[in-house]
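Here is a friendly walk through one protein model, written for someone who likes to know the cut-offs behind each term. Please keep the viewer open as you read.

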Amino acid sequence: MAEMGSKGVTAGKIASNVQKKLTRAQEKVLQKLGKADETKDEQFEQCVQNFNKQLTEGTRLQKDLRTYLASVKAMHEASKKLNECLQEVYEPDWPGRDEANKIAENNDLLWMDYHQKLVDQALLTMDTYLGQFPDIKSRIAKRGRKLVDYDSARHHYESLQTAKKKDEAKIAKAEEELIKAQKVFEEMNVDLQEELPSLWNSRVGFYVNTFQSIAGLEENFHKEMSKLNQNLNDVLVSLEKQHGSNTFTVKAQPRKKTKLFSRLRRKKNSDSPPAKGNKSPSPPPDGSPAATPEIRVNHEPEPASAATPGAALPKSPSQPAEASEVAGGTHPAAGAQEPGETAASEAASSSLPAVVVETFSATVNGTVEGGSGAGRLDLPPGFMFKVQAQHDYTATDTDELQLKAGDVVLVIPFQNPEEQDEGWLMGVKESDWNQHKELEKCRGVFPENFTERVQ
């Protein structure tokens, strides 16, 4: 009997819920058709919009944080594999093997600690923050249903009052149901009216704490990782010093053959006769006098008897034909000047050593030191910065520069940026520029990884 009674109560409750759903559905239809008014609260609707926006932003932040943690874990695995590879190739008789192994262990522990702290201080806090949203969302939906019940009870009470035949018993019962529905709705509405703005304002502090935690953890992680990397670098430097004879040869990055620059060079050479002494536009081979010029500069003043009238300076293999002509007799020698031609003799006597001094000083620091011509040399148009060759480079095409270790190159932009290949720069050797001052004759491309920037 008790079981049947329990079933009877359950059946009655189900019937009551079904009746409520039908009443709510009917009320919503009437409201949409405009046959029944709807109670609205614009302030609360704004709070609901803010709540939905806050939920969307929090859900996205949680998703991105999980992606970040997955990336940290992947980086940890990649770093671990890389260190394992280093341990395998590090031979037992090499110095620093134990130190390298210890660094690898600390590296692994640092990654694990970083990941765990991100979980504890960011992800778990994020989960706690979002954990309150489902309950509030459910209460907002329930408040909406209670509002429909309230409107339905209000409309039913109003219809009974305006009926031609009034039934006082029904009116009293409808009034009682209206008061009950209104009380339930207002209790839920008041609680949410206080809770939703408070939740909306709390987002600022939560975002600040979350990103501060992530930024602080990442900063400390990179500081500690930097120390480990520095220690590993010291170990490898020590290894390199012991086995310094087996150096790794630097090779130029492969270059796509850009034909436009070569065509321009060939067209210029075909339109104008070649300069004296320049029999071939191809770069000189390694070991030739033109490839390795030897410049001698006498810093001590020569005695007066050493200068013979009409004597010409010897030609240097790296000196252009025009400079050789100047040295050989285009300008009169200092000893052949008339006593009254003081200014002309000073110009003639200082112009010839200037070529030699400029060529010598360009290989040092790009400035002329001493003498009346002291000062910074003129730079080519569009000059960007200087680089110094760290390795010899043998040109393989007519538009490339032949480099020797120590050569200083003035880097200039490409006339057409589309012609620039990755890893290659355009420039003119400083010594060539000081002699010729002609970009079309001296400029060329060279591999960037063979040089080091000096200015």
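Which helices each supply at least two residues of the positive patch? Helix 1 (2-33) and helix 4 (133-161) do. Before going further, please note that this is a predicted model, where local features need pLDDT of at least 70, side-chain atom pairs count only at pLDDT 80 or more, and totals for chains, interfaces and linings use all residues. Residues are numbered from 1 along each chain as its sequence is written, and side-chain values use heavy atoms, with hydrogens and water left out.

## Charged patches

The positive surface patch consists of Lys 21, Lys 28, Lys 32, Lys 142 and Arg 145. Helix 1 gives the largest share, three residues. Helices here are DSSP runs of H or I with at least four residues, and strands are runs of E with at least two, both numbered from the N terminus.

A negative surface patch is made up of Glu 186, Glu 187, Asp 191 and Glu 194. Glu 194 belongs to helix 5 (residues 168-242), and its relative accessible area of 57% makes it exposed.

How is a patch defined? Its residues have over 30% relative accessible area and no salt bridge; like charges are joined within 9 Å, and nonpolar side chains (Val, Leu, Ile, Met, Phe, Trp, Tyr) within 5 Å. Lys and Arg count as positive and Asp and Glu as negative, while His and the chain ends are not counted. Each charge is placed at NZ of Lys, CZ of Arg, CG of Asp or CD of Glu. The areas come from the Shrake-Rupley method with a 1.4 Å probe, and for residues only the protein chains shown count as cover.

## Paired strands

Now please turn to the strands. Strand 3 (residues 385-389) and strand 4 are antiparallel partners joined by four bridges, and Phe 385 sits opposite Val 411 in strand 4. Two strands are said to pair if DSSP finds at least two bridges between them.

Strand 4 (residues 408-412) also runs antiparallel to strand 5, again with four bridges. Across this pairing, Val 411 faces Gly 427, and Leu 410 has Val 428 as its bridge partner. Strand 5 in turn pairs with strand 6 (residues 444-447) in the antiparallel sense, over four bridges; here Met 426 stands opposite Val 445.

Are the residues of strand 4 buried or exposed? Five of its five residues are buried. Val 408, Leu 410 and Ile 412 point one way, with Val 409 and Val 411 pointing the other way. Strand 5 (residues 424-429) is likewise mostly covered, with six of its six residues buried. One side of strand 5 holds Trp 424, Met 426 and Val 428, and the other holds Leu 425, Gly 427 and Lys 429; both faces are covered.

## Salt bridges

How many salt bridges are there? The count comes to 13, where a salt bridge is a side-chain nitrogen of Lys or Arg within 4 Å of a carboxyl oxygen of Asp or Glu. Some of them are set out below.

| Pair | N to O distance |
|---|---|
| Asp 113 and Lys 117 | 3.3 Å |
| Arg 154 and Glu 158 | 3.7 Å |
| Glu 440 and Arg 443 | 3.1 Å |

Asp 113 and Lys 117 are four residues apart in helix 3 (residues 97-131), so about one helical turn separates them. Asp 113 is partly exposed at 35% relative accessibility, and Lys 117 is partly exposed at 34%.

Arg 154 and Glu 158 are also four residues apart, in helix 4, and therefore about one helical turn separates them. Arg 154 is buried at 13%, whereas Glu 158 is partly exposed at 36%.

Elsewhere, salt bridges with shared partners link Asp 135, Arg 139 and Glu 195 into one network.

## A backbone detail

Lys 437 is not a glycine, yet it has a positive phi of about 60°. Lys 437 lies in the loop between helix 9 (430-436) and helix 10 (439-442) and is partly exposed, at 36% relative accessibility.

Key. Buried means under 20% relative accessible area, exposed over 50%, partly exposed in between (1.4 Å probe, protein chains only).
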